[in-house]
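Student: I would like to learn how to read a few features of a protein model, one at a time. Could you take me through them with a case for each?

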Amino acid sequence: MRELFESSDPADPMAAARRNARPALRHRFYQQAGTESAPDGHALRLDGKPVQTPARRTLAAPTLPLAQALAAEWDAQRDKIDPSTMPLTRLANTIIDGVANATGPVKAEIEKYLGSDLLFYRADRPERLRERQARLWDPILRWAKDALGADFKTGDGVVHVAQPHAALEAARAAIPDDPWRLGALHAITTLTGSALIALAMLRGELSAEDAWRAAHVDEDWNMEQWGHDELAVERRTFRHAEFEAAAKVLRDLAGP
């Protein structure tokens, strides 16, 4: 399994969550995927045998439902194993092999987004787009102010908006330390361009559907005006599967 899922850049703890499938696919070699209680959680088993991550750690999830979801991805494989159809497995590998030993750098990467979050920058025009951005983004900013004590500023266009130090510190304090929630939070942040959308999902303020819609206001607007691009839609579908995998982790590990 190592050659199918290993990261092309071991220094990037989140690379596996963003990597496309490799061209060479391995034939399915097992009959059944299942789970088993293990010291590090609930481990994936293929025909009763343990599965290892690319770094040769046990592929296991912290909860039984997540482990069962991993097993379902493996059971859904046909003649060949296609990692592009296994977003939760890719994310789990990334968390186990990368995030668990690099929580500091991963948190720092999320913090960078807080300084230039998607929600801060509004379109100059047209007015209908501005209204849509406000309708979907302003409630998240109000939540950040009320729930996190983080009062952020917005601006028009792409000129950088300096954020109050107190707001940044308040939002940073909401970033979790445990690798699974942190890894999922990072994945959602990079996929949406917004750490605040990810934090609102972490706290149960935003559903996955509403979060995805908020993150794609501009893209949806452009598609409405100019039509769909087949390659862009394909890429978005792939990214949405990654997003849903991370959202599943946050839902299953919901907590303060």
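The dialogue below goes through a helix, a core, an aromatic group and a hairpin.

Tutor: Before we start, note that this is a predicted model, in which local features need pLDDT of at least 70 and side-chain atom pairs count only at pLDDT 80 or more, while totals for chains, interfaces and linings use all residues. Residues are numbered from 1 along each chain as its sequence is written, and side-chain values use heavy atoms, with hydrogens and water left out.

Student: How many residues of α8 are buried?

Tutor: Helices are DSSP runs of H or I with at least four residues, strands are runs of E with at least two, and both are numbered from the N terminus. Buried means under 20% relative accessible area, exposed means over 50%, and partly exposed lies in between, using a 1.4 Å probe and protein chains only. In α8, which spans residues 179-192, twelve of the 14 residues are buried, among them Trp-180, Leu-182 and Ile-188. Just after this helix, Gly-193 has a positive phi of about 80 degrees.

Student: Which residues touch the most other members of the largest nonpolar core?

Tutor: In soluble globular proteins, nonpolar side chains tend to be buried together. A nonpolar core is a set of buried Ala, Val, Leu, Ile, Met, Phe, Trp, Tyr and Cys residues joined through side-chain atoms within 4.5 Å. The largest one here has 74 residues, and those touching the most other members are Trp-74, Phe-152, Trp-180, Leu-196, Leu-199 and Met-201. Helix α9 (residues 195-202) gives the most to this core, with eight residues.

Student: What kind of aromatic pair do Phe-29 and Tyr-30 form?

Tutor: Rings of Phe, Tyr and Trp (its six-membered ring) pair if their centres lie within 6.5 Å, and planes under 30 degrees apart count as stacked, over 60 as edge-to-face and the rest as tilted. The whole structure holds five such pairs; that of Phe-29 and Tyr-30 is edge-to-face, with 5.2 Å from centre to centre and 80 degrees between the planes. Phe-29 is partly exposed at 43% relative accessible area, whereas Tyr-30 is buried at 3%.

Student: How do β2 and β3 run, parallel or antiparallel?

Tutor: Two strands pair if DSSP finds at least two bridges between them. Strands β2 (residues 33-38) and β3 (residues 41-46) run antiparallel and are joined by six bridges. Together they form a hairpin with two residues between the strands, and Glu-36 stands opposite Ala-43 in β3.

Conventions:
The expected span of a helix is 1.5 Å times one less than its number of residues.
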